[in-house]
Amino acid sequence: MNGPFQTARELTATALPAEFAALAPPPLLLPGEHLDHYHALRQAIFADLAPRSAIEWLLAIDVAELSWEIQRYRMLRHKLLETYRQKAIEAALRHIDMVGIDPDFELQAEYYTQQNALSWRTDSIAAIEIEARLAAYGFDQDAVTTEVYVQAREVLALFEGLLNAAQTKRMLLLREIRNRSWMGAKRSTIANGTQAA
């Protein structure tokens, strides 16, 4: 940031100006995330917001980072539901397979129940067989989904809070950018009107 400062006209480009690069380091990526996806999201936001001043650039950087976090929370919530679906399948299998089992064989039966639930997740043929068996005992997809939400309710509430907080922050930043743009346009109109007179 030491050196000549760009004018508002020069900052209108959608690429991040070099003097702001240190303020917008790439995020730490989780497994499965890609830096090029982050850059594409950030570039789309910069193009849409078209920041013109240093403050607008800083706000746009924050909007991009919050948008990435929101995408991350949604993806993690989706993965969480997949994991809890396996646990719900396991719980349903337990209701079927563990009823009346001799206490001496409970640990072994529990192990096989867990393995069957894992097979449900990783083997499509096993999944069809397990789902048919569960359906025969009254555990349809709606029952399994209900069990997923019962088991995951606390963690889902955490993610809902994270999503809501990030979305609220993003909306406030977007409102601030809009207000700054409106004020800048108004000042420019007034300045042009004064010069014409």
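1. A convention comes first: axes are lines fitted to C-alpha atoms, for helices over the stretch in contact, and angles run from 0 to 180 degrees between N-to-C directions. The model is predicted. On that convention, the axes of H3 and H4 cross at roughly 135° and come within 9 Å of each other. Angles over 145 degrees would count as roughly antiparallel and those from 65 to 115 as roughly perpendicular; H3 and H4 are therefore oblique to each other. The crossing in which H3 passes H4 is right-handed.

2. Which residues carry the contact between H3 and H4? On the H3 side they are Glu-82, Thr-83, Arg-85, Gln-86, Ile-89, Glu-90, Leu-93, Arg-94 and Asp-97. The H4 side supplies Glu-110, Thr-113, Gln-114, Asn-116, Ala-117, Leu-118, Trp-120 and Arg-121. Sorted by class, this contact of H3 with H4 has seven charged, five polar and five nonpolar residues.

3. Helix H4 covers residues 106–122 and helix H5 residues 124–136. Their axes come within 6 Å and cross at roughly 120°, so H4 and H5 are also oblique to each other. Here H4 passes H5 in a left-handed crossing.

4. In the contact of H4 with H5, Asn-116, Ser-119, Trp-120 and Thr-122 of H4 meet Ser-124, Ala-126, Ala-127, Ile-130 and Glu-131 of H5. The class count for this contact is four nonpolar, four polar and one charged. Asn-116 and Trp-120 of H4 also take part in the contact with H3.

5. For H3 and H5, the axes come within 10 Å and cross at roughly 55°, which makes H3 oblique to H5. H3 passes H5 in a left-handed crossing. From H3 the contact uses Ile-89, Ala-92, Leu-93, Ile-96 and Asp-97, and from H5 it uses Ile-130, Arg-133 and Leu-134. What is the make-up of this contact by class? The contact of H3 with H5 has six nonpolar residues, two charged and no polar ones.

6. The largest pocket has a volume of about 280 Å³. Its lining has 13 residues, and those closest to the pocket centre are Gly-32, Glu-33, Gln-71, Arg-72 and Met-75. Helix H3, residues 54–97, gives the largest share of the lining of the largest pocket, with seven residues. By class, that lining divides into five nonpolar, four polar and four charged residues.

Terms used
Residues are numbered from 1 along each chain as its sequence is written. This is a predicted model: local features need pLDDT of at least 70, side-chain atom pairs count only at pLDDT 80 or more; totals for chains, interfaces and linings use all residues. Side-chain values use heavy atoms; hydrogens and water are left out. On a 1 Å grid over the protein atoms alone, a cavity is a set of points where a 1.4 Å probe fits but cannot get out, and a pocket is an open set with protein on both sides within 12 Å along at least five of seven lines; lining residues have an atom within 4 Å of a point. Grid points are joined across faces, edges and corners, and a volume is the space filled by probe spheres set on the points. Helices (H or I, at least four residues) and strands (E, at least two) are DSSP runs, numbered from the N terminus. Ala, Val, Leu, Ile, Met, Phe, Trp, Tyr, Cys and Pro count as nonpolar, Asp, Glu, Lys and Arg as charged, and the others, Gly among them, as polar. Angles under 35 degrees count as roughly parallel, over 145 as roughly antiparallel, 65 to 115 as roughly perpendicular and the rest as oblique. A crossing is left-handed if the near helix is turned anticlockwise from the far one by less than a right angle, and right-handed if clockwise. Contact means heavy atoms within 4.5 Å.
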